[in-house]
Amino acid sequence: FVQTLSFTNRGSLWGPWIPIYGFGAVTALFFMRKSKKYPWLVFLLSLVICTGIEYITGWICDLAGRPLWNYYGLPLALPYHHNPAYICFYGAMAFGFACTFAVYYAGPYFYTLYHNIPSKPKWIICSLLIAGILADCCVTIFYKKNPGGIDESGLEKISSLLRFGNE
């Protein structure tokens with residue numbers, strides 16, 4: 001948005017969400033509960049966990065034939081052999097600060113907000129969100145005319161990785 005002054009879908013899905021950020025935030029909130037009294041440890045663990053998630057996700061997306069980002073050329077970007085640079089220093093620091101903010105401010109706020117919603121509307125809202133995300137995943141993966149979706153060769157690469165022990 002900042003560079004183009006218009007909204008851009010940068011995610012791997014058609015919908016308005018970016019799963020890697022949500023997964024990273026939820027993972028950080030889950031693992032940081034007991035470390036909350038040490039802000040430096042929350043920052044460091046968030047940096048390591050989220051950067052690890054970003055590296056693994058970048059590698060999988062690249063295998064699927066749909067690389068979503070490349071930090072090549074940025075300071076302290078880490079390419080591996082001929083692969084793109086999936087992680088970089090700026091991204092790692094941003095994840096560390098964002099997750100620290102989430103653990104101390106956003107997480108407790110949304111936790112309180114969530115627990116103040118009555119049970120029936122809470123189930124309806126959560127069910128609709130889950131259904132929407134699952135439908136978006138199915139459309140993105142299986143809709144053949146999607147120019148940005150995972151192509152057949154990408155699905156074959158992922159399948160062969162998952163089957164390597166069963167052959």
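Visitor: How do the axes of α1 and α3 lie: at roughly what angle do they cross, and within what distance do they come?
Guide: The model is predicted: local features need pLDDT of at least 70, side-chain atom pairs count only at pLDDT 80 or more, and totals for chains, interfaces and linings use all residues. With that said, the axes of α1 and α3 cross at roughly 60° and come within 10 Å. Axes here are lines fitted to C-alpha atoms, for helices over the stretch in contact, and angles run from 0 to 180 degrees between N-to-C directions.

Visitor: Oblique or roughly parallel, α1 and α3?
Guide: α1 and α3 are oblique to each other. The classes are roughly parallel under 35 degrees, roughly antiparallel over 145, roughly perpendicular from 65 to 115, and oblique for the rest.

Visitor: And is the crossing of α1 and α3 right-handed or left-handed?
Guide: Right-handed, for α1 and α3. A crossing is right-handed if the near helix is turned clockwise from the far one by less than a right angle, and left-handed if anticlockwise.

Visitor: Which residues meet there?
Guide: From α1, Y21, G24, A28 and L29; from α3, F95, C99, A102, V103 and G107. Contact means heavy atoms within 4.5 Å. By class, this contact of α1 with α3 has 7 nonpolar, 2 polar and no charged residues. Ala, Val, Leu, Ile, Met, Phe, Trp, Tyr, Cys and Pro count as nonpolar, Asp, Glu, Lys and Arg as charged, and the others, Gly among them, as polar.

Visitor: Take L29. Buried or partly exposed?
Guide: L29 counts as partly exposed because its relative accessibility is 31%. Buried means under 20% relative accessible area, exposed over 50%, and partly exposed in between, with a 1.4 Å probe and protein chains only.

Visitor: What is L29 in contact with, neighbours within four places aside?
Guide: A102, V103 and G107.

Visitor: Next pair. At what angle do α2 and α3 pack?
Guide: About 125°, with the axes of α2 (residues 39-63) and α3 (residues 89-115) 7 Å apart. That angle makes α2 oblique to α3. This crossing of α2 and α3 is right-handed. On the α2 side the contact includes F43, L47 and C50, and on the α3 side F97, C99 and V103 are among the residues. The contact of α2 with α3 divides into 12 nonpolar, 4 polar and 1 charged.

Visitor: What about the packing of α1 with α2?
Guide: α1 (residues 19-31) packs on α2 at about 145°, with axes 10 Å apart. α1 passes α2 in a right-handed crossing. Among the contact residues are F23 and F31 of α1 and I49 and I53 of α2.

Visitor: Where does S35 lie?
Guide: In the loop between α1 and α2. S35 counts as buried because its relative accessibility is 10%. Residues up to four places away not counted, S35 touches L41, V42, L45 and Y104.

Visitor: How many helices and strands are there overall?
Guide: The protein has 5 helices and 0 strands. Helices (H or I, at least four residues) and strands (E, at least two) are DSSP runs, numbered from the N terminus.

Visitor: What share of the residues counts as buried?
Guide: 26% of the 167 residues.

Conventions. Residues are numbered from 1 along each chain as its sequence is written. Side-chain values use heavy atoms; hydrogens and water are left out.
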